[in-house]
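Thanks for coming, everyone. I'll walk through side-chain contacts today.

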Amino acid sequence: MPAGLLAGAAIAALFTSPLSPYGHTVIVNPPPDKMVIEIATVNGSGCPLNTAAVAVSPDNTAFTVTYSDYLASVGVGSKPTDNRKNCQLNLIVHVPQGFTYAIASADYRGYAHLEDGATGQEKASYYFQGQSQTVPSAHDFKGVYADNWQVTDKVDVASLVWAPCGEQRNFNINTELRVNAGTSDPSKTTSYMTMDSTDGDLKTIYHVAWKECPK
């Protein structure tokens, strides 16, 4: 179900240095006007209805995605299809007039419990509607592992993909978690990986760069 979220002065520049490494066209300070983010659609086994939410960081430097039921598992108590979970988010992003934005980096976080011999993988990609999908980034984990995990994907300067100026293009985020038993014994053990945490403090964070559109 679509859910509008007001992102007051929402997504801001990631950079604090007065000289941006992204060149003179990329601004350091966020635009003063408000930005609105709406969730158009949510699909996937990793994000059942009402288990994914979008919010804006207090310092206006990023937007976050929080999942409350995103868990892939294999072994005791798991179904055959539980070893792979995915989520596809389609966001309607309204930017202040005269500005555009790009994803500069993304922090993916969660918790993993992997038995000896088991493996886990987190994969993610994103793209603007009508543009080519970014090459999925993949991060692998090996058991024995029982801890929070965090990975960061950074975009090279030359590879920043900007939302088209003056056009409304939805922003799509695709993520996936996969757990394999490997050499562990799934008849006696359970391995799992989540894109959330028990205390709710771990979130996926998308850091954003801004620039002005041509006059």
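One term before we start. Buried means under 20% relative accessible area, exposed means over 50%, and partly exposed is in between, using a 1.4 Å probe and protein chains only. Now the ground rules. This is a predicted model, so local features need pLDDT of at least 70 and side-chain atom pairs count only at pLDDT 80 or more, while totals for chains, interfaces and linings use all residues. Residues are numbered from 1 along each chain as its sequence is written, and side-chain values use heavy atoms, with hydrogens and water left out.

Disulfides to begin. A disulfide is a covalent bond between the sulfur atoms of two cysteines. Here the test is a pair of cysteine sulfur atoms within 2.5 Å. How many disulfides does that rule give? The count is two. Number the bonded cysteines in sequence order and the pairing reads 1-2, 3-4.

Take Cys47 and Cys87. Their sulfurs sit 2.2 Å apart. The link is right-handed, with 100° about the S-S bond. It connects distant parts of the chain: Cys47 is in the loop between β3 (35-43) and β4 (52-56), Cys87 is in strand β7, and 40 residues separate them. On strands, a quick note: helices (H or I, at least four residues) and strands (E, at least two) are DSSP runs, numbered from the N terminus. Cys47 is buried at 2% relative accessibility. Cys87 is buried too, at 0%.

Now Cys165 and Cys213. This disulfide has an S to S distance of 2.1 Å. It is left-handed, at -90° about the S-S bond. Cys165 lies in the loop between β11 (145-154) and β12, and Cys213 lies in the segment after β14 (204-212), so the bond ties together parts 48 residues apart in sequence. Cys165 is partly exposed, at 32% relative accessibility. Cys213 is buried, at 12%.

On to charges. A salt bridge here is a side-chain nitrogen of Lys or Arg within 4 Å of a carboxyl oxygen of Asp or Glu. The whole structure has six of them. Look at Glu176. Its bridge to Arg84 has the closest N and O atoms 3.3 Å apart. That pair links distant parts of the chain, with Glu176 in strand β12 (residues 171-180) and Arg84 in strand β7 (residues 84-94), 92 residues apart. Glu176 also bridges to Arg178, at 3.0 Å from N to O.

Buried or exposed, what is Glu176? Glu176 is buried because its relative accessible area is 11%. Arg84 is partly exposed at 33%. Arg178 is partly exposed as well, at 28%.

Another bridge pairs Lys215 with Glu212, the closest N and O atoms being 4.0 Å apart. Lys215 is exposed, at 94% relative accessibility. Glu212 is partly exposed, at 41%.

Last, the aromatics. Rings of Phe, Tyr and Trp (its six-membered ring) pair if their centres lie within 6.5 Å; planes under 30 degrees apart are stacked, over 60 edge-to-face, and the rest tilted. The search of the whole structure finds 13 aromatic pairs. One example is Tyr67 with Tyr70: ring centres 5.0 Å apart and planes at 85°, so edge-to-face. Both tyrosines, Tyr67 and Tyr70, are buried.

Which residues form one aromatic cluster? They are Phe63, Phe99, Tyr101, Tyr108, Tyr126, Phe128, Phe171, Tyr206 and Trp210. That's the tour. Thank you.
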